[in-house]
Amino acid sequence: VLAKIPGLLEYIGAFQIDEIYMYSVVEGDEGLLGISDHPKRLREGGNFGMISTARADFQRKLKEFAEKKGIRINWELQLESFEQNEDSVQVSFSNGVKDTFSFIVGCDGLHSNIRKQLFGSQPARYTGVTQVCVIVNGMALSPTNGSNSQLGGVSPKPESWGGKPMAAEAYGDGSHVVVTPLSDNTVAWA
């Protein structure tokens with residue numbers, strides 16, 4: 001979707017990933033499970049493959065890009081409803097204002113009016129997973145609220161990875177770790 005906006009992906013400057021390495025850390029079964037070059041094959045087939053960037057950087061760059069293109073951002077409006085036509089979307093806001101757009105993106109949170117209009121009113125369903133990440137002096141600390149919690153952070157890229165544009169996943173007994181590069185020298189992990 002982002003690639004449909006000319007110049008946006010280049011401006012964001014996300015890191016391109018070619019391969020995903022999958023490992024087992026189960027005692028007695030440690031080792032490489034496999035390597036997927038699916039992200040690279042997608043890109044070579046004319047798609048966009050797999051890219052990675054830090055959420056805060058992405059949000060900042062998206063806002064900057066919009067402002068450079070003269071797009072006004074109004075943080076005060078709340079979408080009430082929308083009506084999709086063949087080539088536009090009419091949006092009604094809570095303050096009574098109506099406007100027409102080429103498209104809308106539904107990222108309006110837990111109590112999403114867009115989701116309600118698309119799928120009807122449904123109660124939120126707790127998945128049993130909580131993501132907690134406390135960063136102190138650049139280091140993520142473990143959560144203390146149970147086995148379904150996640151933690152994550154940003155760290156220097158392991159030297160053993162060299163310049164390889166790869167992500168890695170490790171699977172254990174009741175655990176799963178994902179490491180994704182954000183740049184040539186940093187990775188995000190969870």
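"Buried" here means under 20% relative accessible area, "exposed" means over 50%, and "partly exposed" sits in between (1.4 Å probe, protein chains only). The model is predicted, so local features need pLDDT of at least 70 and side-chain atom pairs count only at pLDDT 80 or more, while totals for chains, interfaces and linings use all residues. Residues are numbered from 1 along each chain as its sequence is written, and side-chain values use heavy atoms, with hydrogens and water left out.

View 1. With a relative accessible area of 7%, serine 24 is buried. Its side chain has a polar atom 2.9 Å from the backbone oxygen of aspartate 29 and a polar atom 3.2 Å from the backbone nitrogen of valine 26. Setting aside neighbours within four places in sequence, serine 24 is in contact (heavy atoms within 4.5 Å) with Asp29, Glu30, Gly31, Leu33 and Tyr171.

**View 2. Aspartate 37 meets arginine 41.** These two side chains form a salt bridge at 2.7 Å, N to O; the term means a side-chain nitrogen of Lys or Arg within 4 Å of a carboxyl oxygen of Asp or Glu. Aspartate 37 is partly exposed at 32% relative accessibility, and arginine 41 is partly exposed too, at 48%.

**View 3. Arginine 60 and its two partners.** Arginine 60 pairs with aspartate 57 in a salt bridge (3.3 Å, N to O). Arginine 60 also bridges to glutamate 64 (3.4 Å, N to O). Through shared partners, salt bridges join Asp57, Arg60 and Glu64 into one network. Arginine 60 counts as partly exposed, at 40% relative accessibility.

Notes:
Polar contact = N/O pair within 3.5 Å; in protein donor to acceptor, adjacent residues only side chain to side chain.
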